[in-house]
Amino acid sequence: MTGRLLSRRGLIGVGAAGAGGLLLSGCDRLSASPSFQKFIGHGEDLTFHAQRLLLAGQPLAREFKASDISPIFKSNGTSHPESDDYDALAKDGFSDWKLAVEGLVGRPMQFGLADLKAMPSRTQITRHDCVEGWSAIGGWTGVPLAHILRTVGVSPKARFVVFRCADDLEASLDGSGLYYESIDLFDAFHPQTILAYAMNGAPLAIPHGAPLRLRVERQLGYKQAKYVMKVQLVDRLDNIASGRGGYWEDRGYEWYAGI
Amino acid sequence: MTTELTAPPLAPRGAARAGRETIYRHTVVVRITHWINVLVISLLLMSGLNILNAHPRLYWGQFGADFDKPWIEAPGLRRPDGQLEGVLRLGGRQFTTTGFLGVSKGADGADLIQGVPSWATLPSERNLAVARRWHFFLAWLFVINGAVYLLIGLINGHFRRDVALTRADVRPGNICRNILDHIFLRHPVGEEAKRYNVLQKATYLIVIFALLPAMVATGLTMSPGFDAVAPWLLNLFGGRQSARSIHFICANLIVLFVIVHVVEVLLAGVWNELRSMITGRYVIKTERGA
């Protein structure tokens with residue numbers, strides 16, 4: 001009896017160790033399998049739909065007091081776009097810079113910084129959450145994206161707003177590393193979704209995306225596109241860059257970054 | 001279905017042995033949800049550690065980033081001689097942890113600056129996007145599995161009957177005796193072996209109703225989308241970075257629970273315990289020494 005128990009125990013031990021080892025190597029194999037990644041990606045789809053259901057009433061992200069602002073707001077990703085065109089714009093305080101709004105709109109338009117500053121503005125002190133895990137609190141002032149969209153008129157066919165940026169995070173020669181982001185109209189018309197030209201009461205500095213950056217509160221940091229040059233309204237994302245709706249999305253991150 | 005720890009003895013299979021009795025200890029729901037949890041929590045932990053490696057520093061409060069003061073961090077430093085040194089900084093002290101925390105070997109055997117080692121993470125290489133996809137997929141499984149377990153446990157009376165503390169459980173004398181029983185590894189026999197003891201109950205209550213729900217709640221507090229839905233979570237945990245710290249601490253407490261749990265299983269008789277969680281049948285001794 002004892003012998004049988006011992007062998008059983010031994011078997012369980014060997015089995016457990018074997019199962020553990022198999023599990024680990026198996027998980028790495030599953031992590032490299034596109035079809036399995038697609039399968040577990042349904043978890044993210046579920047998260048997106050669950051959050052959209054809960055956010056149906058368009059609640060605001062928490063806004064903080066001025067005393068809550070981070071002493072130093074970390075600049076992540078690009079801190080200075082490496083392009084002569086950008087430097088030329090920056091030299092004159094972006095006075096020659098124009099934001100182009102085009103695509104599926106009633107009237108494509110261009111706005112200079114002064115035009116944007118003359119529009120209704122919103123100031124919000126919000127928390128910026130990086131996908132890596134850290135957070136910083138900053139104050140943002142800018143034009144509600146909804147105002148710009150109403151000004152140009154959104155075509156009924158439009159589903160997404162794409163933000164084209166000046167920074168080439170991969171320093172690519174062909175522009176394939178140019179930063180871009182996209183959101184859908186649900187987030188685009190949220191009152192806290194603004195194109196910010198000021199941060200903590202001062203003009204937006206270059207490390208934080210001058211002259212204009214997107215604030216789409218309720219989503220993670222990589223959605224907050226900096227150095228925005230162009231806003232495009234589109235009906236699909238699969239024909240832009242690698243087709244997943246953003247620079248980091250094309251590199252494996254989720255398009256919906258609410259979690 | 002409602003028969004569990006306190007069930008009448010089953011007819012013994014094969015030859016009945018004197019002084020022993022086979023009871024039906026765990027319902028099929030408990031057994032299935034238990035093993036799903038074993039798999040899911042293990043993988044949640046490992047994918048969570050991969051996510052932690054993206055920023056192996058933890059803070060208290062609403063915000064916290066590179067320029068703010070962490071209460072714990074596991075950085076890799078380059079010493080003057082060029083060698084990499086992994087350290088753990090905690091409570092103003094610094095411990096050298098090269099090979100484990102801060103700096104450890106990657107898949108190719110070379111030293112890497114990483115908070116926790118590759119063997120503990122899912123995937124083993126540094127990949128935040130894939131780790132997040134695993135983590136959130138598993139989190140849904142964990143929540144669904146936990147919801148089934150809680151719902152059935154409430155409906156069939158499992159919690160009330162087997163896990164809730166009774167007046168007799170919480171008598172100081174009983175608690176002291178139980179602590180001594182655990183210290184001297186004295187395992188219960190007879191009717192007592194058919195019930196969870198007070199320390200078991202208290203532990204299970206904390207894990208089921210505090211630690212595991214806290215993991216879900218702190219996880220959700222880290223979601224900027226969910227914070228807009230339930231901003232009170234930020235008040236409850238004292239901010240997103242506090243929630244991230246509590247998420248980490250609770251994960252460690254769950255690991256501690258699992259270690260103690262497995263040690264107790266080994267001490268109490270691994271085959272009997274394992275069988276009770278696979279087939280439901282559990283053999284108890286009807287008297288000491290049997």
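## Close-up views of a predicted two-chain model

**View 1. L77(B) is partly exposed.** Within 10 Å of L77(B) lie 15 other C-beta atoms, and L77(B) is therefore classed as partly exposed. The model is predicted. L77(B) belongs to strand β4 of chain B, residues 76–78. Leaving aside residues up to four places away in sequence, L77(B) touches E85(B) and V87(B). From L77(B) to L45(B) the separation is 32 residues in sequence. In space, their C-alpha atoms stand 26 Å apart.

**View 2. Chain B as a whole.** Eight helices and nine strands make up the secondary structure listed for chain B. Its C-alpha atoms fill a box of roughly 70 × 45 × 40 Å along the principal axes. Of the 290 residues in chain B, 29% are buried. Take the contacts in chain B between residues at least 6 apart in sequence: 59% of them join residues at least 24 apart.

**View 3. Chain A as a whole.** Chain A holds seven helices and ten strands. Along the principal axes, the C-alpha trace of chain A spans about 90 × 45 × 40 Å. The radius of gyration of chain A is 23 Å, whereas a compact globule of 259 residues would have one near 18 Å. Buried residues account for 41% of the 259 residues in chain A. Among contacts in chain A with a separation of 6 or more, 68% link residues 24 or more positions apart.

**View 4. Chain A meets chain B.** In this interface, 44 residues of chain A are in contact with 36 residues of chain B. Five elements of chain A each supply at least two residues to the side that touches chain B: α1 (2–32), α2 (34–40), α3 (42–54), β3 (122–129) and β4 (135–144). The largest share comes from α1(A), with seven residues. By residue class, the side of chain A that touches chain B has 20 nonpolar, twelve polar and twelve charged residues.

View 5. Four residues of α3(A) are buried: G43(A), E44(A), T47(A) and Q51(A). These four cover an arc of only 95 degrees around the axis, so they lie on the same side of α3(A). On the other side of α3(A), H42(A), D45(A), H49(A) and L53(A) are exposed. The buried residues of α3(A) pack against elements from both chains. From chain A, the packing partner is α2. From chain B, the partners are α2 (128–155) and α6 (224–229).

View 6. Four bridges join β1(A) to strand β2 of chain A, residues 109–112, in the antiparallel sense. One bridge pairs K98(A) with G112(A) in β2(A). A hairpin of five residues connects β1(A) to β2(A).

View 7. With β1(A), residues 98–103, β10(A) pairs in the parallel sense over four bridges. Along this pairing, A100(A) has K230(A) as its bridge partner. E102(A) stands opposite Q232(A) in β10(A). With β5(A), residues 160–168, β10(A) runs antiparallel, and six bridges join the two strands. Here F160(A) stands opposite V234(A) in β10(A).

Key: Residues numbered from 1 in each chain as written. Chains lettered and ligands numbered in written order. Predicted model: local features only at pLDDT ≥ 70, side-chain atom pairs only at ≥ 80, totals over all residues. Contact = placed C-beta atoms within 7 Å. Nonpolar A, V, L, I, M, F, W, Y, C, P; charged D, E, K, R; others polar. Pairing = 2+ DSSP bridges. Rg over C-alpha atoms; globule rule 2.2 N^0.38 Å. Buried ≥ 20, exposed ≤ 12 C-beta atoms within 10 Å, placed from the backbone. Arc of directions from axis to C-beta.
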